[in-house]
Amino acid sequence: MAALDHLGELERTHSCGALRAADAGQTVVLMGWVAVRRDFGPLTFVDLRDRDGITQIVFDAEDAPEAHARAKEVRGEYVIAVRGEVVLRDQSARNLKIGTGEVEVQARELLILNEARTPPFQLDAPPDKLAAEEVRLKYRYLDLRRPFFQNVLRLRARTVGEIHRYMDEQGFTEIETPILIKSTPEGARDYVVPSRLYAGRFYALPQSPQIFKQICMIAGLDKYYQIARCFRDEDLRADRQPEFTQLDVEFSFATREQVYRLIEGLLARVFRLVGAELETPFPRLSYAEAMRRFGSDKPDLRFGMELQDLRPAVEGTAFAPFASALEAGGEVKGLVARGGAHLSRKQLDELQEVVKRYGAGALAWVKLGDEVSSSLLKALGEESVTRLAAQAGAEKGDAVLVVAGRASVVAAALGALRNEVARREKLIKPNTFAPLWVTEFPMFEFHEEDGRYYPMHHPFTSMVDEDIPAFGRAVEGGETHLLSGIRAKAYDAVVNGIEVAGGSIRIHRRDVQRLVFKALGLTEEKARERFGFFLDALEYGTPPHGGIAAGIERTLMALTGIDNIRDLMAFPKTASAADLMIDAPGAIDPHQLEELHINIGVE
């Protein structure tokens, strides 16, 4: 065990990534963690690491015997301070893979500031040899020492800083909205917080600042923004977390075009941080067109492979899966994997598992190699299979992948398959960015489980002006089938298949907002109970307004190509919403429960 030194008033002069050949001859003080120690008897080498990089330190028994002797005591992850002279490395010993590789520091003095236990995993392991994520999340403070996270979190900070600068230049005012609010139905479960002062009553953590930013518009604040923390108690995926951060924006008298220009300018600024230039204006697709062509409302436009309608080639077929799908009003669609004739049966079986995850019964295929081969040959015959491939636009050497069923299932299955084939076949050029707007989403979506309509975005979204009469008839006249055709003034910004931002023009009229609540099954009493203050506020001169929210983590996913949201947050939760480092969620002391008037029913 090493004797520990005091830092005293010693100050570091440089970071461990700062020194270059021009600094040779300087006396410097570096501080950081021991990444590696190499002992060669009279010479001991230490790679000293901090958030900026690594510098090689040399301890020479002849030149600085006391410092050399102390260097024998250090181990990996010890915290040390070194004073010494910057010298050029021998030509043969230079390491041009790192910025400091032309120099090293000849140590004159060493302070051991703290010891470290042996870490439970290798911090400098290559990406394919990393420890299990559960282990790294438990010891997150160690995982964050890796250069990967140091770089990601600094890019995140730069991104947020750039957002602040841009929004300030555009005349927006940063306004904080409450964290403790009232529970409201927005499509996902609220995290609730019990009140000590009001027995049996609860606050909720905000899923978004939606109502408050609209209240800001009623208040005449005109241009609002906030870097907001949001909370959603919902099932998690790779691109979701129970708590996340978003840029929240709202402004009065907004049109969709103004919102598009604002966010295009912002994203262009942010993407320049990684040397990327986004061409503006972004291309646009309606929701209906995006689903028809790509099977997704967040299509990745970095590659083609659009979905093809195969109905003309199979209409009238006796093949039961196709015939029953078409008879029920469904679809038979496919996509062409260029050069995909090489796909093996094993690979095709793996792709079939992809579509099955989205409810598809099976994946049919046609391969146009030297001969035509297909899972459909026995059922359809070679002539029909060839006609199907021609309808899809396939050529020799290609494969056609086909799914039949309900339109929603076909879209989801082929949309996911399209992305999977592109990934496997390496169709995406690195460091390319393809932004777009997806517009005119449906206002409502029908859930067959409970036979109700729900807002596709949220209940404060305005519908397209020309659809308001049909909406009124649907609600007041009981023509609920019309609700499925109502379009919203909603829009999503998508980059590389990632929804980085979503928003809408809002409802600013009380009568329209009342009808939306009614369409969603809220009685007057229930709407009054939950949103009475907001309905009242709408009667005091509410201007037309609109806005958008851009996810910070999702924007970083598009910026970096990192596909796991947990890798873009300092302290994320697991896929089961647990924090392994602090062991949360945890039990509450019985006395606290009593103060909060809660009986959890556990003896």
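Predicted model: local features only at pLDDT ≥ 70, side-chain atom pairs only at ≥ 80, totals over all residues.
1. Let me start with helix 6 (residues 256-271) and helix 17 (residues 552-560). Their axes cross at roughly 55° and come within 11 Å. The two helices are therefore oblique to each other. The crossing in which helix 6 passes helix 17 is right-handed.

2. If you want to display the side of helix 6 that faces helix 17, pick Leu267, Val270 and Phe271. Across from them, helix 17 contributes Thr555, Ala558 and Leu559. By residue type, this contact splits into 5 nonpolar and 1 polar, with no charged residues.

3. Helix 17 also packs with helix 4, at an angle of about 115° and with the axes 11 Å apart. Here too the crossing is right-handed, as helix 4 passes helix 17.

4. Which residues make up the contact of helix 4 with helix 17? From helix 4 come Leu155, Arg156, Thr159, Val160 and Ile163, while helix 17 brings Ile552, Glu553, Leu556, Leu559 and Thr560. The division in this contact is 6 nonpolar, 2 polar and 2 charged.

5. The largest nonpolar core holds 42 residues, and Met167, Leu247 and Val249 have the most contacts inside it. At least two residues each are supplied by helix 4 (147-169), strand 10 (243-252), helix 6, strand 20 (490-495), strand 21 (498-505), strand 22 (545-551) and helix 17. Helix 6 gives the most, with 8 residues.

6. Setting aside neighbours within four places in sequence, Leu247 is in contact with Ile163, Met167, Tyr225, Gln226, Ile227, Leu266, Ile548, Ala549, Ala550 and Ile552.

7. Finally, is Ala219 buried or exposed? Its relative accessibility is 54%, above the 50% cut-off, so Ala219 counts as exposed. Ala219 sits in the loop between helix 5 (210-218) and strand 9 (223-231). Along the chain, Ala219 and Tyr540 are 321 residues apart, yet their C-alpha atoms are separated by 9.4 Å.

Note on methods. Residues numbered from 1 in each chain as written. Heavy atoms only, no water. Axes fitted to C-alpha atoms, helices over the stretch in contact; angles between N-to-C directions. Helix = DSSP H or I, 4+ residues; strand = E, 2+ residues; numbered from the N terminus. Parallel < 35°, antiparallel > 145°, perpendicular 65-115°, else oblique. Left-handed = near helix turned anticlockwise from the far one by under 90°. Contact = heavy atoms within 4.5 Å. Nonpolar A, V, L, I, M, F, W, Y, C, P; charged D, E, K, R; others polar. Core = buried A, V, L, I, M, F, W, Y, C linked by side-chain atoms within 4.5 Å. Buried < 20%, exposed > 50% of the residue type's maximum accessible area, 1.4 Å probe, protein only.
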